[in-house]
Every structure is written in C-alpha cells, then in structure tokens.
Amino acid sequence: MTTHVVCELSSLDEAVPLRASFDGIEVVVVRCGSELYCLENVCSHEHFALSDGEVDPSTCEIECARHGAMFDLATGEPRSLPATRAVRTFPVSVHDGKVTVQTP
C-alpha cells in the first residue's frame with residue numbers, strides 16, 4: 001500500500017466537499033460527522049466532478065450536481081439514478097493533522 005497526503009484535517013469543514021489529487025488521481029474528501037471519506041472525484045454516470053455537488057450530512061451521501069445521482073460516501077455505491085455503478089473509494093486516516101489515503 002502507498003500512503004498519500006491529500007489535505008490538512010483543519011481544511012475540512014463538515015459536509016463540504018474538498019477537491020484534492022495525488023499521482024494523477026483527482027479525489028473528493030468529505031468530513032461527515034466524525035468520519036472522513038475519500039472518493040474518486042468523478043460521477044460514474046457522466047464523468048462530472050462530485051466535488052461540485054452537495055453532501056447530505058444526515059445520510060452521508062454526496063450528490064452529483066449534473067443529474068442528481070447520490071453516492072454513499074463510505075462505499076461509493078449509487079443510491080439513486082441515473083448512476084448505476086459505484087465510484088472508487090479510498091481508505092482514509094489522519095496522521096499529525098494530515099489526511100492521508102491509501103492505494104494498492
């Protein structure tokens with residue numbers, strides 16, 4: 001596994017998507033309650049940036065701003081149409097105030 005620093009923990013506001021990147025992969029990082037999530041920053045329906053969407057903190061889902069598809073932040077699974085395929089997720093942790101993700 002390779003660990004990548006994506007942002008400072010202090011830069012994450014509750015339920016506000018933050019765009020980040022590492023190794024040519026663009027991701028969206030979200031704090032929902034006490035949990036942190038990281039997904040590839042592209043809707044599986046029509047390749048639109050999920051970081052442009054809104055987060056529902058009551059369900060920990062992110063909405064694609066283009067067509068309204070909702071994705072579970074923990075699993076990347078679509079929760080509403082028109083998306084039918086999951087978005088890739090990454091394991092997240094915090095070390096010395098920095099948010100890190102892991103890739104194989």
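Trainee: Which residue takes a positive phi in the hairpin of S3 and S4?

Mentor: Gly33 takes it, near 65°, in a hairpin with two residues between the strands. The model is predicted: local features need pLDDT of at least 70, side-chain atom pairs count only at 80 or more, and totals for chains, interfaces and linings use all residues. Residues are numbered from 1 along each chain as its sequence is written, and side-chain values use heavy atoms, without hydrogens or water.

Trainee: What makes S3 and S4 a pair?

Mentor: Pairing takes at least two DSSP bridges between two strands. S3 and S4 (residues 35-40) have six, in the antiparallel sense. One of the links sets Val28 against Leu39 in S4. The strands are DSSP runs (E, at least two residues; helices are H or I, at least four), numbered from the N terminus.

Trainee: How many bridges join S2 to S3?

Mentor: Five join S2 (residues 18-22) to S3, and the two run antiparallel. Ala20 has Val27 of S3 as its bridge partner. In this hairpin, also with two residues between the strands, Asp23 takes a positive phi near 45°.

Trainee: Why is S3 called largely enclosed?

Mentor: Buried means under 20% relative accessible area, exposed over 50%, partly exposed in between (1.4 Å probe, protein chains only). Six of the eight residues of S3 (residues 25-32) are buried, so the rest of the structure largely encloses this strand.

Trainee: How many aromatic pairs are there?

Mentor: The count is one. It joins Phe22 and Phe90, with ring centres 5.7 Å apart and planes at 85°, so the pair is edge-to-face. The rule takes Phe, Tyr and Trp (its six-membered ring) with centres within 6.5 Å; planes under 30 degrees apart are stacked, over 60 edge-to-face, the rest tilted. Phe22 is in S2, while Phe90 is in the loop between S7 (70-72) and S8 (92-95), 68 residues apart.

Trainee: Is Phe22 buried or exposed?

Mentor: Phe22 has 6% relative accessibility, so it counts as buried. Phe90, at 7%, is buried too.

Trainee: What makes a set of residues a nonpolar core?

Mentor: Its members are buried Ala, Val, Leu, Ile, Met, Phe, Trp, Tyr and Cys, joined through side-chain atoms within 4.5 Å. The largest one here has 17 residues, and Leu50, Ile62, Phe71 and Leu73 have the most contacts inside it. S3 and S4 are the elements that give two or more residues. S3 gives the most, three. A second, separate core of 13 residues includes Cys7, Leu36, Phe90 and Val99.
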